[in-house]
Amino acid sequence: MEKLISTKILLPTGHAFCSMTVITTVCLFCGMIILPATTANADTWTYADCVNYAREHNISLQKSRISEETASYDLEEAQAQWQPSLDFATSHNYVNAPFSNGDRNAYNSSYGLNAGWTVWNGGVRENTIKRDKLQTEIARLNTGDILRSLETDLLQVYINILYAKEAIGIYEEAEKVSLAQADRGKQLMEAGKMSRVDYARLQSQYEQDHYSLVNAQTTYDSRRMELKKLLELGIDADIDLADVMWTAEQVLATLPPIDESYRLAVATDLKIRGLEKEMESSEYDVAIAKAGRAPKIALNAGVGTGYYAPGGNFGTGLKQAVNEQIGLSLSIPIFDNKKTKTATARARAQQLNAQLDIDQRQTELAQTVENWYIDTRSAQARFIAAQSNLESAKLSDELCNEQFAIGYVNTVELMTAHNTLIEAQHSLLQAKYMAMLGQKMIKFYRTAECDLRIRNEELGMRN
């Protein structure tokens, strides 16, 4: 998989990676603070800075907040259905009757103030208000879930950038060493103590390390672009991330029980809470649909007047035409072309679908939590092995360099030791960041909180 959201870092072969393209694997999961969107010079951003900034500027989050506000308007409209309606109506007509024996032209007008109130509609108003209240809660939960996803995406991108940045340092050091070896080889070749083939090998090693460094820098820039995209920063914005230091003790901290983490993940998951609200809302949809069979009772009243011309005085005419009315209407549905039956069946289907979504989400959470545990424990085991491997590779590389200086080893052995050291450094680096990312993700599923800080109480015991 390409992103570390899938909890994996890709390796070309084995557990050591020889190319900086591996860095592409880490993914998005960070947080943000409100800083200027564009600056002339690079600003140093912490993870919290990123989260705080994204809360204000991320477009997906802003759209979700608009949806949340729209849901509140729907609730206000539903609550207003308990209020009576009131309107004013007037009409004006001019009549021309050219063949009439009487008045051939006439004008009439009417003026009325009408009020209406639904006494009973099968409980539609009550259930609509309850449903819309749930919909506002669902919209709020959706906004919170988008924010959490944004935080995890930002965290993974942030860690990805730190990983890429540290990998650049490895390649810079490797390039310096290979350049020194190539320069030394050139001197030996010119002195007649090294063949042109051996010198070409050393020069090729330098070119390879230089190429790897360029790739590492390109990957680092690409990861920063991903971060700027999440932050909705402009193309001219330049940011730099604050470094985070982790000790071996922190990398190897004991993980909490997996079954406990799963229970906490289910308890704190906003998607499950939103789906539970959806299921509850669908029950009100069923009740609303069933109300199609219920009788409707409405109360109406009004006061009106009118004027007819030719006639008497306009004011007198209006006064004499004043009328008042009040009435009660009853509507009993008999046959509605299966509208009520179909609406009820559709609402029940939505209710069943919501329950299936809850079950599916719980399964996804169980798999996700277990995958993070598997990957984190694997990374911790690789970290332990990589520590020993790195020490061995360092000793071997130092010995080969010393022996090469006095002519005891050939260029092939020297290059092998050099590449082995680079791979060992990357293996340790990769294991460290994978282990820490896994720990932070496990903490997120347990507490719904995400940060890069390590507290003393989080260290736990050694595995």
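Of the 463 residues of the protein chain, 42% count as buried, where buried means under 20% relative accessible area, exposed over 50% and partly exposed in between (1.4 Å probe, protein chains only). The structure is a predicted model, in which local features need pLDDT of at least 70, side-chain atom pairs count only at pLDDT 80 or more, and totals for chains, interfaces and linings use all residues. Residues are numbered from 1 along each chain as its sequence is written, and side-chain values use heavy atoms, with hydrogens and water left out.

The protein chain holds ten helices and six strands; these are DSSP runs numbered from the N terminus, with helices (H or I) of at least four residues and strands (E) of at least two. Among contacts (heavy atoms within 4.5 Å) between residues at least 6 apart in sequence, 77% join residues at least 24 apart.

Two packed helices are described by the angle between their axes and the distance between the axes. Axes are lines fitted to C-alpha atoms, for helices over the stretch in contact, and angles run from 0 to 180 degrees between N-to-C directions. Angles under 35 degrees count as roughly parallel, over 145 as roughly antiparallel, 65 to 115 as roughly perpendicular and the rest as oblique.

The axes of helix 1 (residues 47–57) and helix 3 (residues 124–190) cross at roughly 140° and come within 10 Å. The two helices, helix 1 and helix 3, are therefore oblique to each other. Their crossing is right-handed, a term for the near helix being turned clockwise from the far one by less than a right angle, with left-handed used if anticlockwise. Helix 1 contributes Tyr47, Cys50, Val51, Ala54 and Arg55 to the contact, and helix 3 contributes Leu147, Leu150, Glu151, Leu154, Leu155 and Tyr158. By class, these residues comprise nine nonpolar, no polar and two charged; Ala, Val, Leu, Ile, Met, Phe, Trp, Tyr, Cys and Pro count as nonpolar, Asp, Glu, Lys and Arg as charged, and the others, Gly among them, as polar.

A second pair is formed by helix 6 (residues 258–268) and helix 10 (residues 411–447), with axes that come within 6 Å and cross at roughly 55°. Helix 6 is therefore oblique to helix 10. The contact involves Glu260, Ser261, Leu264, Ala265 and Thr268 of helix 6, together with Ile442, Tyr445 and Arg446 of helix 10. Four nonpolar, two polar and two charged residues make up this contact.

Cys50 is buried, because its relative accessibility is 0%. Cys450, at a relative accessible area of 12%, is buried. The count of disulfides (pairs of cysteine sulfur atoms within 2.5 Å) comes to zero.

Ser110 lies in strand 3 (residues 105–120) and is partly exposed, with a relative accessible area of 30%. Not counting residues up to four places away in sequence, Ser110 touches Ala89, Thr90, Ser91, Thr305 and Gly306.

Most residues other than glycine have a negative phi, and most peptide bonds are trans. The peptide bond from Ala309 to Pro310 is cis, with omega near 10°, and Pro310 sits in the loop between strand 5 (296–309) and helix 8 (314–320). Glu232, in the loop between helix 4 (196–231) and strand 4 (239–241), has a positive phi of about 60° and is partly exposed at 32% relative accessibility. Lys338 has a positive phi near 65° and is found in the loop between strand 6 (323–331) and helix 9 (339–405). With a relative accessible area of 55%, Lys338 is exposed.
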